[in-house]
Amino acid sequence: MENKADVWQGTLALMVLKTLESMGPLHGYGIARRIEQTSGDRLAVNYGTLYPALLKLEQEGYISSAWGVSDNNRKAKFYELTRAGRKKMQSEARQWEQTTAILARFLEPAKERS
Amino acid sequence: MRLLRAWLIRFGGLFSRQRRERELNDEIESHFALHIEDNIRAGMSLAEARRAAILKFGGVEAAKESYRDRRSVPFLEILGQDLRYAMRTLRKNPGFAAVAIATLALGIGANTAMFSVVQAVLLRPLPYPQPDRLVEITETNPLKRWTHNVVAPANYADWRRMNTVFRDIAAYAGVDDKRASIFDFFLTGSGDPQRLRSILVTGNLFDVLGAAPLTGRVFTDQETFGGHERVAVLSYGLWQTQFAGDPHVIGRKLLLSGKTYDVVGVMPRDFVFPGRDVQIYLPLGVQPAFFVQMRRPHMLNVIGRLKPSVSLDEARAQMSAIARRLEQTYPATNTKMGVRLDGFHTALTTESRPALLMLLAAVALLLLIVCSNVANLQLGRAAAREREMGIRRALGAGRFRLVRQLLTESTVIALAGGALGLILAMAARAALLRLAPAAIPGFAELRIDRWVILFNGLITLCAPLLFGIGPAIAASRPDTLRDRSESDSHRHRVVRDLLVICEVALSVVLVAGAGLLVRSLILLDRVDPGFRPENAIGFHLRFPQTRYPDDDHCIAAIQSIENRLRAMPHVHAAGATSSLPFQGQIYTGDATVEGSTGDYERELRHDLITPEYFHAVGTPLLGGRSFNEFDTAKSPSVTVVNEALARTYFHGADPIGRRIRFGRPSDHDPWTTIVGVVADAKQDGLDVAVQPEAWTAITQQANNEINFVLRGDGDTAVLAVEARHSVREFDKDLVLTAVAPLTDLLHDAASDQRFRTTLLTGFAGIALFLAALGVYGVLAYSVAQRTKEIGVRIALGAGLPRLFGMVLRDGLRPVAAGAVLGLAGAWLATGMIRSLLFGLVPADPVTYAFTVVILSVAAACACAIPAVKAIRVDPVVSLREQ
């Protein structure tokens, strides 16, 4: 059986920002769907947990919201990345890469020896 | 920055909740719509699609709650909810709310008022720059039993010259031992002479204080001395009342008691030295030789400002060394003359400190009683609210949430009580200033300033913690929703009884303390003053040197005035003396009593009187004679003494015929023969032992100021008016001052004791009332709970008296426990107020017995009402009740 890991608020926020960057403006359901897909189903996200996270990002000014119409003519609230959000996403992504790189060095030598 | 933005938006989320709630619902609806659509497209049926979407979403309500928590500030929202709920609850229970708020207002208000007094007297720094550098210097002398005496001018001058620890030292004169101004100058020139309270100061006094004038200037060093002293500095109050705040008052000339003075300065509004009553500051105006030569008469109050780096102990050491050098240089006058240094603020407050601290402690106990009472009230309601709490718990409220809401309720009550209490404190201040202004020392200004308000706020916020937490925790205890047929929670009863025990104990301590003070006052009142104060008045006259240049003029004037007074209708006797009793001004001198062993007396009270003085003031002559018209300047010197002197020096033998020599042995004054003995009359206070005293006739030694005593059989007010007339007829420019019935002198002497006794009795009364209320509350509640049981008892034939007794005993049990605890506590606590008592030990059995009686009566009354209710229970009605 595949492992379904819990998602931290911070990483969830980063995933939201990244999703909005690659997909452009999207509504809450769409973002949740896309995150699940991108993680290759390794993440089990209750869709409901997304909304408080979206609110937080909006309050901090990284995304903005507006009511619009979906492809199927349904009314929905769309979220869009702001300039500050783009910058934040880039800096957060950089930090994650650095962290992973450092950890990789720690884990690798042990592997080599064995 | 982002955080700040987020928080600001969250605060905004406190408003327009409905709109945002609608938007959230819309968003979630649209989410489900989109998901269900997708599911249907993937092939599920409508029902499956919906179910899958709901499952995938997770808990909708939980998500909404999370969202709402982030949308606004939950803390504030909950607070808002709790406040609204608390207001609703209190409005539905106006009786409880009124009693709780009133009780708290009383307790918090009393504390705030008491704190405002303590703030004014003990805490607030004096209104001068760096007031902690100011030091009062007094003289001590074990030979004369002086512990902090006024200073001889020559000593002052030497201290000033020889010290290196003070920036400067200044001196002032004209105040009594309470630092109230006793020097009156009369502003003449426009209508009736206006009496002005003044003090005489050295030119550098304002410099030492560091006080700058509002306008004009203060004195210079040179102006201490005669020839330069016709300058005056006005107080702000005088400037406003007498000169209507005239901006050109500087340079105006004033006619003060016959001399012309120039106004050179006005002090600012908040300047006060040494007391609020001083209206005008005048230079000492003495000859320079005064300061160098006068080493025997002591009359100056001295205040100094320490140099910045010098400590009080260092200064004490150096001044003591200086005093010792002076002792060696001037053995005739300075033997054993030491110095004493006290911080100025400390010196001003030593007398009032013990009583103030006692009252503060008492009022704190009162607050504890108040909080106990309110806690008891809340516990009483807790049982009634069990159902409400049960429902809320069942709906998912956590314990903390319930406690929080109950505490908010308590805080609302406390805030209302605190605000009302602040108003009470303001009213108390106004009342105090009007009814007992002398109770506050002269330098202190009673104000509700920001510290007092802060204190009020502090106890208002702490009170709910005291009386609210217990009941809140008790009320939110996890319990099932059950039928309330037997809800007299045993636990609650125990706690409520404990609270009653505490209340009773604390109030017993207060009642015992008040009882001790009241008994002290009664014992004080019973003391025989040694003279008869009823139907007599006294007044003071000063003969200005310009019109009465020497002793003979003064003597003639005094005798003439006395004759006129005696000739008035309704007057029985008229006499004069240099010191009236209880006035705080005493004349003492050296004396040698013939035949006494040991060193000569250095501090014998010695006053000057006219022959009829003893008759006028009502002090009986025990042997020999008083002075008569044959005692003149040329006849042999005679003296009259009091019993104390006879006892001290002649040990009961007849003093008549024995001799005293006034002055030091080296002065070789003539011997004076004792011709009469009078009974002991109290001199400084009813609680102070009578000192040996001797009197000389004014014809043999005179003074230019004198006090008259007039005894009549009519209204003392009438006597006063007629006396003024008589004196005016003699010399229209003489002004009578300090005109008062002798009973006032007696009354004022005990005013401090009376004030603190009244206050403490008030607190004790309130405390007892609240404790009785608490006893009543618990018992009434218990009886109401036990109605069915009582009904059964009555139905089964229980005798009503026996039932009454049972209920009464039930109510009195905690009272008895509390009384025992309280008496023990009182025994411990009252030991601390020993110094405030007169004629009693703190463990006075009569007072304690009285306390027990009062408590019993109060408790019995409190318990009687519920007991009466109990025996009036109709068993038919109560048994039918479910």
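Me: In β3(A), what is the bridge partner of Ala66(A)?

Reply: A bridge is read as a pair of residues standing across from each other on two strands, and in this predicted model the residue of β3(A) that partners Ala66(A) is Phe78(A). Likewise, Ser64(A) stands opposite Glu80(A), which also belongs to β3(A).

Me: In which sense do β2(A) and β3(A) pair, and over how many bridges?

Reply: The pairing of β2(A) with β3(A), the strand of residues 75-81, is antiparallel and extends over seven bridges. The two strands form a hairpin, with five residues between them.

Me: Which strand order does the open sheet of chain A have, and which strands are at its edges?

Reply: To read a sheet, follow the order in which its strands pair. Here the open sheet has three strands in the order β1-β3-β2 of chain A, and the pairing is antiparallel. The edge strands are β1 (26-27) and β2 (63-69) of chain A, each of which pairs on one side only.

Me: Which helix of chain B packs on this sheet, and which strands does it touch?

Reply: α2(B) packs on the sheet, where it touches β1 and β3 of chain A, and its direction makes about 100° with that of β3(A).

Me: How many residues of each chain are in contact across the interface, and which elements of chain B contribute?

Reply: An interface can be read first by its residue counts and then by the elements that supply them. In this case 22 residues of chain B are in contact with 20 residues of chain A. On the chain B side, the elements giving two or more residues are α1 (2-12), α2 (17-41), α3 (46-57) and α4 (60-71), and α2(B) gives the most, with seven residues. By class, that side of chain B divides into eight nonpolar, six polar and eight charged residues.

Me: How do α2(B) and α3(B) cross, and which residues meet there?

Reply: A helix pair is described by the approach of its axes, the angle between them and the handedness of the crossing. The axes of α2(B) and α3(B) come within 8 Å and cross at roughly 130°, so the two helices are oblique to each other, and their crossing is right-handed. From α2(B), the residues Phe32(B), His35(B), Ile36(B), Asn39(B) and Ile40(B) meet Leu46(B), Ala49(B), Arg50(B), Ala52(B), Ala53(B) and Lys56(B) of α3(B). This contact has seven nonpolar, two polar and two charged residues.

Me: What angle do α2(A) and α3(A) make?

Reply: The axes of α2(A), residues 28-38, and α3(A), residues 50-60, come within 11 Å and cross at roughly 110°, which makes α2(A) roughly perpendicular to α3(A). Their contact is made by Gly28(A), Ile31(A) and Ala32(A) on one helix and by Leu50(A), Tyr51(A) and Leu54(A) on the other. By class, the contact has five nonpolar residues, one polar and no charged ones.

Me: How should I read the pair α19(B) and α22(B)?

Reply: The axes of α19(B), residues 551-567, and α22(B), residues 716-730, come within 10 Å and cross at roughly 140°, and α19(B) is therefore oblique to α22(B). The crossing is right-handed. Among the residues that make the contact are Ile561(B) and Leu565(B) of α19(B) and Val727(B) and Phe730(B) of α22(B), and the contact as a whole divides into five nonpolar, two polar and two charged residues.

Me: Finally, into which domains is chain B divided?

Reply: A domain may be built from more than one segment of the chain. The division is into domain 1 (2-72), domain 2 (131-349), domain 3 (353-525 + 751-880) and domain 4 (544-733), and the C-alpha centres of domain 1 and domain 3 of chain B lie 53 Å apart.

Conventions. Residues are numbered from 1 along each chain as its sequence is written. Chains are lettered from A and ligands numbered from 1 in the order in which they are written. This is a predicted model: local features need pLDDT of at least 70, side-chain atom pairs count only at pLDDT 80 or more; totals for chains, interfaces and linings use all residues. Two residues are in contact if their C-beta atoms, placed from the backbone, lie within 7 Å. Helices (H or I, at least four residues) and strands (E, at least two) are DSSP runs, numbered from the N terminus. Ala, Val, Leu, Ile, Met, Phe, Trp, Tyr, Cys and Pro count as nonpolar, Asp, Glu, Lys and Arg as charged, and the others, Gly among them, as polar. Axes are lines fitted to C-alpha atoms, for helices over the stretch in contact, and angles run from 0 to 180 degrees between N-to-C directions. Angles under 35 degrees count as roughly parallel, over 145 as roughly antiparallel, 65 to 115 as roughly perpendicular and the rest as oblique. A crossing is left-handed if the near helix is turned anticlockwise from the far one by less than a right angle, and right-handed if clockwise. Domain bounds come from an automatic or database domain assignment. Two strands pair if DSSP finds at least two bridges between them.
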